[in-house]
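This report describes selected features of one protein model. Please keep the sequence and the structure in view while reading.

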Amino acid sequence: MTPVIKKFPVDLHIRVGYGTAFLLLLISFLLTLYANSELLKQARLVDRSNKIIIQMEGMLSSLKGAESSVRGYLLIGDQRFLYPYDNSRRITDSLFHALQRETFEDTAIRNELDMLRILIEKNYQLASLTIHNATQQGLSDDQKVKSFVREEIMGHIRQMVKDMQGVEQARLGSRLDEMTTRYHVLNAIILLSLTLAVSLAAYGFFTYSRENKARRIADQKVSDYQEQLKQQITELDKANKALIQMRSIEKFASTGRIARTIAHEVRNPLTNINLAVDQLKTEINGNTQYGMMLDMITRNSTRINQLITDLLNSTKFTELVYKKISVNQLLDETLELAKDRIALNNITVIKYYSDSICDIAVDVERIKIAFLNLIVNAIEAMEPGKGIIQVRTATRDNKCVVTITDNGPGIDTASHARIFEPYFTTKTKGTGLGLTNTQNIILNHNGHINMDSAKGKGTTFTITLDFA
């Protein structure tokens, strides 16, 4: 009993390896995506802090410009000094709205901005009132007081903006630190992913090379085993054919011995019968009635003797006269001998001759008899007008191979073993010695003949002969 070796399948190795690699790379990708998202978030926060600081600085600068414009107008009285003041109001409003948008979610700053808004509005109201009174009445003590109040308000505004900028500066520093940390984390993840990818690639290449090498070795072993098996099958086939041929020869020799024994045992009584008949014919003095009976005995005795002669001729080894000839030419000459039967039954003959086949050394007339027996049997087995005979020549294992195939009704399996036996026939008419004689001729040439047939699928005879 062959032991069963359990092992981890190669394909499962590969699937698990690539699945693990894909999972690790996916995790690495997700971590990278998360770190990158957090880095972008911090970058947006840093950008917002910078915008808030810049916008506050711009708003404070605009307020200072407005204050300078009012002072210049009060000192000089020239309306042109008020142009920066008017622009300052628009710029301040625009920057304040921008600050509100940037700090929409920050409640603490929004509260500070509301207070700042009140102070800015109060400052601009006082400035506008101061400009109006100065235009109408000139600078008075009351206006000086208002100017002082405006200076106080402006101081508060500066302080609030400074405090708010300080808060945003602190946030900016914290966010920059956080962004730097996340940047380093992202780089670390990327480097880890790269290291992991390179490691997995190296491991995958190593595993693939190892498994591929093992598979190549296994494939080579399988190929070697297949080649050995083919050789063993070929050798067994040759041995089987040799055994069949040997058995055929033994069976043929045994049949010959039996035939010779029968001939010896039968011919002696036949000789005595014939002598007795001749003596009786002399003694009956021309009696017609007895003469007819004696003639009947003579005819049947002669027929029995002829049957024995045919049996002996079909089972004995004879001396051959060898001659080199092309097997294709030999088959053409044999078909020529059968052309009348072929034409009479309207049989189609298809030739598949090998052009490069070598000559064979045979007794030409004897081999023609063997081929002719096979062709005649094929003609008689097929339906007239529908029969097809295929004749092939080929070289196989340094032997000349001739196959003769018909599309007749075929031979049943039970008759296969007896097909070359003397007096065995499947035809309604025939002696049953044709194939026996054919086998005798082929065996005399150290050749081999076998038959392949199935009911309803035609019959093929294969003759193997040595080249000259």
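## Two packed helices

In this predicted model, helices H8 and H9 cross in a left-handed manner. H8 covers residues 364-381 and H9 covers residues 434-444. The angle between the two is about 145 degrees, and their axes lie 9 Å apart.

On the H8 side, the contact includes Arg 366, Ile 367, Ile 369 and Ala 370. On the H9 side, Leu 435, Asn 437, Thr 438 and Ile 441 are among the residues that take part.

Five strands, in the order E2-E4-E5-E7-E6, make up an open sheet with mixed pairing. Its edges are formed by E2 (348-352) and E6 (448-453), each of which pairs on one side only. From one strand to the next, the twist averages 15 degrees.

Strands E6 and E7 (residues 459-466) run antiparallel and are joined by six bridges. In one of these pairings, His 448 has Thr 464 in E7 as its bridge partner.

## Helices against the sheet

H8 packs on the sheet and touches E4 (388-396), E5 (399-406), E6 and E7. The direction of H8 makes about 25 degrees with that of E5. H9 lies across E6 and E7, at about 140 degrees to E6.

## A residue in helix H1

Asn 50 belongs to helix H1, which spans residues 10-76. Asn 50 counts as partly exposed because its relative accessibility is 31%, a value between the limits of 20% and 50%. Although 119 residues separate Asn 50 from Gln 169 in sequence, their C-alpha atoms are 8.3 Å apart in space.

How values were computed. Residues are numbered from 1 along each chain as its sequence is written. This is a predicted model: local features need pLDDT of at least 70, side-chain atom pairs count only at pLDDT 80 or more; totals for chains, interfaces and linings use all residues. Side-chain values use heavy atoms; hydrogens and water are left out. Axes are lines fitted to C-alpha atoms, for helices over the stretch in contact, and angles run from 0 to 180 degrees between N-to-C directions. Helices (H or I, at least four residues) and strands (E, at least two) are DSSP runs, numbered from the N terminus. A crossing is left-handed if the near helix is turned anticlockwise from the far one by less than a right angle, and right-handed if clockwise. Contact means heavy atoms within 4.5 Å. Buried means under 20% relative accessible area, exposed over 50%, partly exposed in between (1.4 Å probe, protein chains only). Two strands pair if DSSP finds at least two bridges between them.
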